[in-house]
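Hi,

Here is the structure I promised to pass on. Have a look at it first, and then read my notes below.

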Amino acid sequence: MELQWDLGITSFLLDGVFAFCSEFAQDWDSNDMRVTVFKILLVWLLCSLVAVYVAWKFYGATVNDMYYRQGIGGQNGGTPDSSSNFTSWEGTSDEPFKRHRE
């Protein structure tokens, strides 16, 4: 019983795909404005994907190295065990810390 149901859905989907492909082929052969716009956009998309692929082949390692965290913290943003090299908020002046009540 289950097999009949699966074959019914499969044949329905295949019929839909076949109808879509045959209609698409007819539109493609008609060479109207919609098909021309589609062809232009398809070529633009493919050229963009090829350009991204080529750029990643040449510059991928450089980009990866720029954003790879060096040092004790590690790749995933872990907190280093030692203190950081940043200066404290009070700066280099000899002013004492200000409290909220002052």
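Which ring does the charged end of Lys39 sit over? The ring is that of Trp28, and the charged end lies 4.6 Å from its centre. For that call, NZ of Lys or CZ of Arg has to be within 6 Å of the ring centre and within 35 degrees of the ring normal.

Before the rest, some ground rules. This is a predicted model, in which local features need pLDDT of at least 70 and side-chain atom pairs count only at pLDDT 80 or more, while totals for chains, interfaces and linings use all residues. Residues are numbered from 1 along each chain as its sequence is written, and side-chain values use heavy atoms, with hydrogens and water left out.

**The fold**

The chain has two helices and zero strands. Helix H1 takes in residues 2-30, and helix H2 takes in residues 33-67. An unreviewed UniProt entry annotates residues 35-56 as "transmembrane region"; such positions are given in the numbering used here, feature names are shortened, and annotations may be inferred rather than shown by experiment. That stretch is 100% helix and 0% strand, with its end C-alpha atoms 31 Å apart.

**The aromatic rings**

Searching the whole structure turns up four aromatic pairs. Rings of Phe, Tyr and Trp (its six-membered ring) pair if their centres lie within 6.5 Å; planes under 30 degrees apart are stacked, over 60 edge-to-face, and the rest tilted. Phe20 and Phe24 are a stacked pair, because their ring centres are 6.2 Å apart and their planes are at 25 degrees. These two both lie in helix H1, four residues apart, which is about one turn of the helix. Phe24 also pairs edge-to-face with Phe38, at 5.6 Å centre to centre and 80 degrees between the planes. This second pair links distant parts of the chain, since Phe24 is in helix H1 and Phe38 in helix H2, 14 residues apart. Phe20, Phe24, Trp28 and Phe38 form one aromatic cluster.

How open are these side chains? Buried means under 20% relative accessible area, exposed over 50%, and partly exposed in between (1.4 Å probe, protein chains only). Phe20 is exposed at 56%, whereas Phe24 is partly exposed at 37%. Phe38 is partly exposed, with 37% as well.

**The charges**

How many salt bridges are there? The count is two, taking a salt bridge as a side-chain nitrogen of Lys or Arg within 4 Å of a carboxyl oxygen of Asp or Glu. Arg34 bonds in this way with Asp27, the closest N and O atoms being 3.6 Å apart. Arg34 also forms a salt bridge with Asp32, where the closest N and O atoms are 3.6 Å apart. Shared partners join Asp27, Asp32 and Arg34 into one network. Arg34 is exposed at 57%, while Asp27 is partly exposed at 25% and Asp32 is partly exposed at 29%.

**The surface**

Of the 102 residues of the chain, 3% count as buried. The chain exposes about 10300 Å², and carbon and sulfur atoms supply 64% of it; these areas come from the Shrake-Rupley method with a 1.4 Å probe, and for residues only the protein chains shown count as cover. There is also a nonpolar surface patch of about 1100 Å², whose members include Trp56, Phe58 and Tyr67. Tyr67 belongs to helix H2 and is exposed at 65%. Patch residues have over 30% relative accessible area and no salt bridge; like charges are joined within 9 Å, and nonpolar side chains (Val, Leu, Ile, Met, Phe, Trp, Tyr) within 5 Å.

Cheers
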